[in-house]
Amino acid sequence: MSLDRKKSNELFQEAKEVIPGGVNSPVRAFSSVGAEPLFIEEAEGSKMYDADGNEYIDYVGSWGPMIVGHSHPKVTEAIQGAVAKGSSFGTPTTLETEMAKLVVEAVPSIEKVRMVNSGTEATMSALRLARGYTGKDKIIKLTGCYHGHGDSLLINAGSGVTTLGIPGSPGVPEKIAKETIAAPYNDLDAVKDIFDKYGDDIAAIILEPVTGNMGVIRPKKGYLEGLRKVTNEYESLLIFDEVMTGFRVAYGGVQEKYGVTPDLTCLGKIIGGGLPVGAYGGKEEIMNHIAPDGPVYQAGTLSGNPLAMTAGIETLKLLGEPGVYEQLEEKSAKLNEGIKDNLEKLGLNCYQSREGAMFSLFFNENPVVDYATAQECDTDSFAIYFRKMLEQGIYLGCSQFEAAFMSLAHTDKDIQKTIEANYNALKAVKE
Ligand code: PLP
């Protein structure tokens with residue numbers, strides 16, 4: 001079976017004439033899997049429909065936000081109600097306070113929170129605050145963690161125990177990159193070594209506490225605790241980037257699940273319910289350094305936008321209902337068990353990794369614990385797998401290094417269909 005994607009392909013050609021690469025975010029181009037992107041016209045629940053009328057079971061969920069499913073009636077109705085009252089005022093609204101209260105109640109580290117418009121803005125602003133608060137300039141980031149495209153964080157650190165950052169993109173000045181020191185994920189000694197050497201100059205360490213951007217990798221036992229301890233010792237800040245994991249792996253994110261509380265937390269994706277959003281928050285004493293209370297400047301014309309707040313509030317309310325995370329866990333476990341059975345039946349050895357409702361199937365026989373081991377995956381096999389899944393109406397992230405996301409809208413039937421498709425796709429990889 002091969003789906004007809006003629007119209008999507010034509011639309012992509014048209015887009016390429018006026019948009020760089022035909023996409024407004026590079027991850028949307030299917031270049032690494034040797035295919036062309038789909039043009040989606042509408043989505044409902046767990047399904048998306050492309051311009052050719054094909055139906056897909058969606059495990060991308062707009063790269064994470066759509067955890068209650070697409071076009072959830074309550075979210076849609078709330079947005080419609082809000083837009084009828086006006087789409088932006090540039091003044092405070094009670095929606096912003098309501099959203100802030102929900103976040104403060106949910107996320108252990110957050111006593112005060114500032115809304116922004118994207119995850120990138122959240123991490124950029126958190127870093128500025130960390131630098132302004134500590135009076136130090138250097139930051140540690142972990143290789144393979146993605147924190148958006150801010151200059152300080154777009155660092156391609158290369159391999160090795162620790163490397164001084166080199167720019168990951170033309171346009172990032174070397175002077176800025178030099179202030180970022182990279183260390184491998186899950187290697188506490190590497191971070192301690194950096195602190196030994198540069199401790200007095202390090203404003204913060206930022207990480208995805210469970211990674212999603214080199215595939216799903218969980219922290220080794222004691223790793224997050226170790227980072228907490230060493231940052232305390234050197235009076236540096238610990239920043240958890242929970243843009244992806246916040247309200248996904250648990251209502252209160254990784255920090256609730258693992259019981260390690262950072263100084264600052266970055267959020268995005270789910271808290272906007274599908275509208276553009278980001279947020280950063282933390283201890284009141286630190287957050288009070290932000291303008292207008294303090295000297296660290298950060299602002300935004302559309303920050304706390306009423307439509308985004310409304311979609312986010314409605315989504316968080318749905319996620320706050322009893323049993324929701326148990327449901328997500330059950331669905332995710334069921335799918336991953338099915339994949340495990342398929343691998344066994346076919347005699348294939350791939351590494352599966354899952355944290356709650358986000359998971360990866362690595363084409364690697366060995367455990368994937370950091371960027372180096374992630375890089376050992378067989379991306380050619382992944383490309384075959386991806387295309388075969390797509391042909392069967394299963395929409396996955398178009399890279400081995402993207403996490404898959406479960407939503408509340410995925411049904412037993414969806415999961416069963418996905419397991420069957422997975423068998424066929426793995427068989428194609430084997431052949
Ligand atoms: N941080 C993490 C962990 C992310 O996964 C992402 C995006 O995927 C970002 C930050 C950047 O967020 P945005 O794309 O909204 O700028």
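Reader: Does Glu337 count as buried, exposed or partly exposed?

Author: This is a predicted model, in which local features need pLDDT of at least 70 and side-chain atom pairs count only at pLDDT 80 or more, while totals for chains, interfaces and linings use all residues. Residues are numbered from 1 along each chain as its sequence is written. A residue is buried if 20 or more other C-beta atoms, placed from the backbone, lie within 10 Å of its own, exposed if 12 or fewer, and partly exposed in between. Because Glu337 has 13 C-beta neighbours inside 10 Å, Glu337 counts as partly exposed.

Reader: In which helix is Glu337 found, and what distance separates its C-alpha atom from that of Met66?

Author: Helices are DSSP runs of H or I with at least four residues, strands are runs of E with at least two, and both are numbered from the N terminus. On that basis Glu337 is found in helix H11, residues 324-346. Glu337 and Met66 are 271 residues apart along the chain, and their C-alpha atoms are separated by 23 Å.

Reader: Is Lys269 buried or exposed, and with which residues is Lys269 in contact, leaving aside its neighbours within four places in sequence?

Author: Lys269 has 27 other C-beta atoms within 10 Å, so Lys269 is buried. Two residues are in contact if their C-beta atoms, placed from the backbone, lie within 7 Å. Leaving aside the neighbours within four places in sequence, the contacts of Lys269 are Gly64, Pro65, Gly119, Val243 and Met244.

Reader: What is the phi of Lys269, and what is the phi of Ser62?

Author: Most residues other than glycine have a negative phi. Lys269, although not a glycine, has a positive phi of about 45°. Ser62 is in the loop between strand S3 (55-58) and helix H2 (73-83), and Ser62, again not a glycine, has a positive phi of about 55°.

Reader: Which residues are the closest to the ligand, and which helix gives the largest share of the shell?

Author: A residue is near a molecule if its C-beta atom, placed from the backbone, lies within 6 Å of it. The ligand is surrounded by 16 residues, and the closest are Ser118, Gly119, Thr120, Gly148 and Val243. The largest share of the shell, three residues, comes from helix H4.

Reader: Why is H4 described as largely enclosed by the rest of the structure?

Author: The buried residues of H4 include Gly119, Thr120, Leu127 and Tyr133. The helix is largely enclosed by the rest of the structure because 12 of its 16 residues are buried.

Reader: Which residues of H3 are buried, and within what arc do they fall?

Author: Helix H3 (residues 94-106) has 13 residues and reaches 18 Å from its first C-alpha to its last. Its buried residues are Glu96, Met99, Leu102, Val103 and Ala106. Seen down the helix axis, with the arc taken over the directions from that axis to the C-beta atoms, these residues line one face of H3, since they fall within an arc of 125°.

Reader: What covers the buried residues of H3, and which exposed residues does the face turned away carry?

Author: The cover over the buried residues of H3 includes strand S4 (112-116), S10, S11 and helix H10 (306-319). The face of H3 turned away from its buried side carries the exposed residues Thr94, Thr97, Lys101 and Glu105.

Reader: Which residues of H13 are buried, and within what arc do they fall?

Author: In H13, the buried residues are Phe382, Ala383, Tyr385, Phe386, Met389 and Leu390. Seen down the axis of H13, they line one face of the helix, because they fall within an arc of 165°.

Reader: Is the peptide bond from Ala291 to Pro292 cis or trans?

Author: Most peptide bonds are trans. Pro292 is found in the loop between helix H9 (284-287) and H10. With omega near 10°, the peptide bond from Ala291 to Pro292 is cis.

Definitions and conventions
Expected span 1.5 Å × (residues − 1).
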